[in-house]
Structures are given as C-alpha cells and as structure tokens.
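Open the model in your viewer and keep the sequence panel beside it. We will walk through it one selection at a time.

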Amino acid sequence: EENVFRKVINGAPTEDPDHLAAKEMVERALNRTANIYVQPHQAFNSDAASINKAYETLRHVAAWYKNDKNRFDQQLPY
C-alpha cells in the first residue's frame with residue numbers, strides 16, 4: 001500500500017496503525033529524534049523508485065555502447 005502511505009506522508013488522514021507507525025518513524029528520522037536505518041536493498045519499491053532505477057539502467061546501457069562495449073562510465077551498483 002505504498003501509494004496510500006505516500007498520501008499519508010503528504011498529509012492525508014489515516015487510522016491505519018501500520019501507516020501511523022511508519023509515518024512516525026519517517027517523521028522521527030527526518031527531525032533526527034530517532035535513528036531509522038533501512039538497508040538499500042530493503043527500500044520501498046515505489047513507482048518513483050522504479051522510474052529512477054530504469055533511468056539509471058538506461059544510463060549504464062548508453063555508457064556501455066558509447067564506450068564501444070568495453071566499459072561503463074562508473075562502477076555498477078550491486
């Protein structure tokens with residue numbers, strides 16, 4: 001329900017206890033009253049993240065061809 005949670009983060013009302021807890025965690029992380037850590041491979045799989053991942057992938061593919069299939073411009077992520 002990430003789309004719903006995005007709306008909650010942006011001010012939509014909710015009574016869902018999971019969303020309320022997650023919103024509190026995000027707020028505490030942002031105001032630095034708690035240290036909330038999420039490993040990169042456990043991050044949310046949102047539309048925005050998918051779009052960004054596709055963009056980064058195409059950048060790497062373009063670099064591969066630009067460099068005559070010999071190298072990328074930067075190290076690829078894990």
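What follows is a tour from the whole chain to single residues.

**Before you start**

This is a predicted model, in which local features need pLDDT of at least 70 and side-chain atom pairs count only at pLDDT 80 or more, while totals for chains, interfaces and linings use all residues. Residues are numbered from 1 along each chain as its sequence is written, and side-chain values use heavy atoms, with hydrogens and water left out.

**Stop 1: the whole chain**

Show the cartoon first. The protein has three helices and zero strands, in the order α-α-α from the N terminus on. Helices here are DSSP runs of H or I with at least four residues, strands are E runs of at least two, and both are numbered from the N terminus.

The accessible surface is about 7,000 Å², and carbon and sulfur atoms account for 54% of that; the area comes from the Shrake-Rupley method with a 1.4 Å probe. How much of the protein is buried? Of its 78 residues, 10% are. For a residue, buried means under 20% relative accessible area, exposed means over 50%, and partly exposed is in between (1.4 Å probe, protein chains only).

Next, consider contacts, meaning heavy atoms within 4.5 Å. Among contacts between residues at least 6 apart in sequence, 12% join residues at least 24 apart.

**Stop 2: helices H1 and H2**

Select residues 2-9 for H1 and residues 17-30 for H2. The two helices pack at an angle of about 55°, with their axes 10 Å apart. Axes are lines fitted to C-alpha atoms, for helices over the stretch in contact, and angles run from 0 to 180 degrees between N-to-C directions. That angle makes H1 oblique to H2. On this scale, angles under 35 degrees are roughly parallel, over 145 roughly antiparallel, 65 to 115 roughly perpendicular, and the rest oblique.

Look at the crossing too: H1 and H2 cross in a right-handed way. A crossing is right-handed if the near helix is turned clockwise from the far one by less than a right angle, and left-handed if anticlockwise.

Which residues meet where H1 and H2 pack? Show side chains for Val4, Phe5, Val8 and Ile9 in H1, which meet His19, Ala22, Lys23 and Val26 in H2.

**Stop 3**

Centre on Phe5, a residue of H1. Phe5 is buried, at 9% relative accessibility.

Move to His19 in H2. Is His19 buried or exposed? At 9% relative accessibility, His19 counts as buried. Leaving aside neighbours within four places in sequence, its contacts are Glu1, Val4, Phe5, Val8 and Thr14.

Then step along to Leu20, also placed in H2. Leu20 is partly exposed, at 39% relative accessibility. Residues up to four places away in sequence aside, Leu20 touches Thr14 and Glu15.

**Stop 4: the segment after H3**

Select helix H3, residues 47-66, and continue past its end to Asp68. Asp68 has a positive phi of about 50° although it is not a glycine, and at 61% relative accessibility Asp68 is exposed. Lys69 lies in the segment after H3 as well. Its phi is also positive, at about 60°, and Lys69 is not a glycine either; its relative accessible area of 48% makes Lys69 partly exposed. For context, most residues other than glycine have a negative phi.

Go on to Gln74 in the segment after H3. Gln74 is partly exposed, at 39% relative accessibility. Not counting residues up to four places away in sequence, Gln74 touches Arg59 and His60. Its C-alpha atom is 8.8 Å from that of Ala63, a residue 11 places away along the chain.

**Stop 5: the aromatic pair**

Finish with the one aromatic pair in the structure. The rings of Trp64 and Phe72 have centres 4.9 Å apart and planes at 35°, so the pair is tilted. Rings of Phe, Tyr and Trp (its six-membered ring) pair if their centres lie within 6.5 Å; planes under 30 degrees apart are stacked, over 60 edge-to-face, and the rest tilted. Trp64 is partly exposed, at 29% relative accessible area, and Phe72 is partly exposed at 29%.
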